[in-house]
Amino acid sequence: MKQIVTTLFVLLFATQLQAQSAQDIMNRASAAIYYPGADVRGDVSMTIVDGQGRKRSRSLVLLRRNEGAANADQQMYIYFTRPSDVNRTAFLVWKNTRGADDRWMYLPALDQVRRIAASDERTSFVGSHFFYEDLSGRLPKEDRHDLVETNGTYYVMRSRPRKPGKVEFASYGTYIERTSMIPTRMEFYKADGTLYRVMEVLAVNNIQGVPTVTQIRMTDNDMGGNTTLRYRNVRYGTGFGSDLFSERSLRAPPMEYLR
């Protein structure tokens with residue numbers, strides 16, 4: 001009987017250790033792709049290709065600031081410059097680790113600030129194949145993670161939502177490059193096992209000593225087509241404060257950081 005109890009304890013400990021290890025890997029991957037540097041500024045070009053192969057392009061500036069450590073609270077500000085129909089459109093995110101994120105969109109044609117409901121976080125961002133949640137990143141603690149494989153290049157993970165009723169996917173697989181800890185591919189599956197969304201990191205560059213994603217593509221088989229984001233003029237350590245990330249900045253953009 002004592003041997004059985006000891007064996008059960010060892011198995012339970014091993015399972016808990018594996019779960020902790022998987023969670024740690026996902027925490028590090030989230031930090032690598034969504035939290036590099038204390039703050040960052042970059043120019044971004046967005047290319048949207050629909051299911052018929054038609055292309056649309058948009059240009060925007062991204063500002064991001066972390067509140068302390070990785071995987072903590074974060075603010076993000078996006079300002080569109082091209083084409084003319086989206087010029088001066090601005091998007092603001094307060095990423096909250098203790099609750100739902102806060103999101104606002106400023107529409108200059110209406111001179112109106114709209115709050116983005118938490119229920120809309122997994123819907124299309126300005127007609128692209130990226131969801132609102134994709135921009136700021138899904139918190140690792142929202143899902144259960146298993147380490148499926150470790151090879152010479154990748155940690156291969158399988159994750160399932162803790163609250164499946166709040167998302168449209170049943171699971172997703174992540175390929176995490178072991179040296180940089182950047183997740184280079186994510187595959188989202190429906191309950192019937194259908195692969196319907198794929199995120200691919202197409203380029204990583206070392207900028208100011210920080211491995212930085214500079215090209216990323218999202219493909220959505222339900223929508224058809226894909227959207228690619230390309231980052232240029234990325235700078236870390238710009239030093240802007242939290243006051244920049246306010247509703248006031250939606251109508252009065254901080255042009256000193258956007259030029």
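The chain exposes about 13,300 Å², of which carbon and sulfur atoms supply 51%. These values refer to a predicted model. Of the 259 residues of the chain, 47% count as buried. The secondary structure comprises four helices and 13 strands. The radius of gyration is 20 Å, which agrees with the value near 18 Å that a compact globule of 259 residues would have. Along the principal axes, the C-alpha atoms fill a box of roughly 75 × 45 × 35 Å. Among contacts with a separation of 6 or more, 47% are accounted for by residues 24 or more positions apart. The charged side chains number 36 positive and 28 negative, and the centres of these two sets lie 1 Å apart.

Aromatic side chains were examined next. Rings whose centres lie within 6.5 Å are taken as pairs, and the count comes to 11 aromatic pairs by this rule. In one of them, the ring centres of Phe-80 and Phe-125 are 6.1 Å apart and the planes stand at 35°, so the pair is tilted. Phe-80 belongs to strand β3 (residues 74-82), whereas Phe-125 is placed in the loop between β6 (112-116) and α2 (132-136); the pair therefore ties together parts that are 45 residues apart in sequence. Phe-80 counts as buried, with a relative accessibility of 1%, and Phe-125 counts as buried with a relative accessibility of 1%. Phe-125 also pairs with Tyr-132: the ring centres are 5.5 Å apart and the planes meet at 80°, so this pair is edge-to-face. Tyr-132 is buried, as is Phe-125. Ring pairs link Phe-80, Phe-125 and Tyr-132, together with Phe-91, into a cluster.

Several loop positions were also characterised. Gly-37 occupies the loop between α1 (2-34) and β1 (39-49) and counts as partly exposed, at 30% relative accessibility. Beyond residues up to four places away in sequence, Gly-37 touches Arg-64, Asn-66 and Tyr-236. The C-alpha atoms of Gly-37 and Val-156 are 25 Å apart in space, and the two residues are 119 residues apart in sequence.

Pro-253 is situated in the loop between α3 (248-251) and α4 (255-258). When residues up to four places away in sequence are not counted, Pro-253 touches Tyr-77, Tyr-79 and Leu-258. Pro-253 and Arg-41 are 212 residues apart in sequence, and their C-alpha atoms are 14 Å apart in space.

The peptide bond that joins Arg-82 and Pro-83 is cis, with omega about -5°. Pro-83 falls in the loop between β3 and β4 (90-95). Met-181, a residue other than glycine, has a positive phi near 65°. This residue lies in the loop between β9 (171-177) and β10 (183-189), and at 5% relative accessibility Met-181 counts as buried. Gln-208 is not a glycine, yet its phi is positive, at about 55°. The loop between β11 (195-207) and β12 (210-220) contains Gln-208, which counts as exposed at 54% relative accessibility.

Key:
Residues are numbered from 1 along each chain as its sequence is written. This is a predicted model: local features need pLDDT of at least 70, side-chain atom pairs count only at pLDDT 80 or more; totals for chains, interfaces and linings use all residues. Side-chain values use heavy atoms; hydrogens and water are left out. Helices (H or I, at least four residues) and strands (E, at least two) are DSSP runs, numbered from the N terminus. The radius of gyration is taken over C-alpha atoms; the globule rule is 2.2 Å times the number of residues to the power 0.38. Buried means under 20% relative accessible area, exposed over 50%, partly exposed in between (1.4 Å probe, protein chains only). Contact means heavy atoms within 4.5 Å. Accessible areas come from the Shrake-Rupley method with a 1.4 Å probe; for residues, only the protein chains shown count as cover. Lys and Arg count as positive and Asp and Glu as negative; His and the chain ends are not counted. The place of a charge is taken as NZ of Lys, CZ of Arg, CG of Asp or CD of Glu. Rings of Phe, Tyr and Trp (its six-membered ring) pair if their centres lie within 6.5 Å; planes under 30 degrees apart count as stacked, over 60 as edge-to-face and the rest as tilted.
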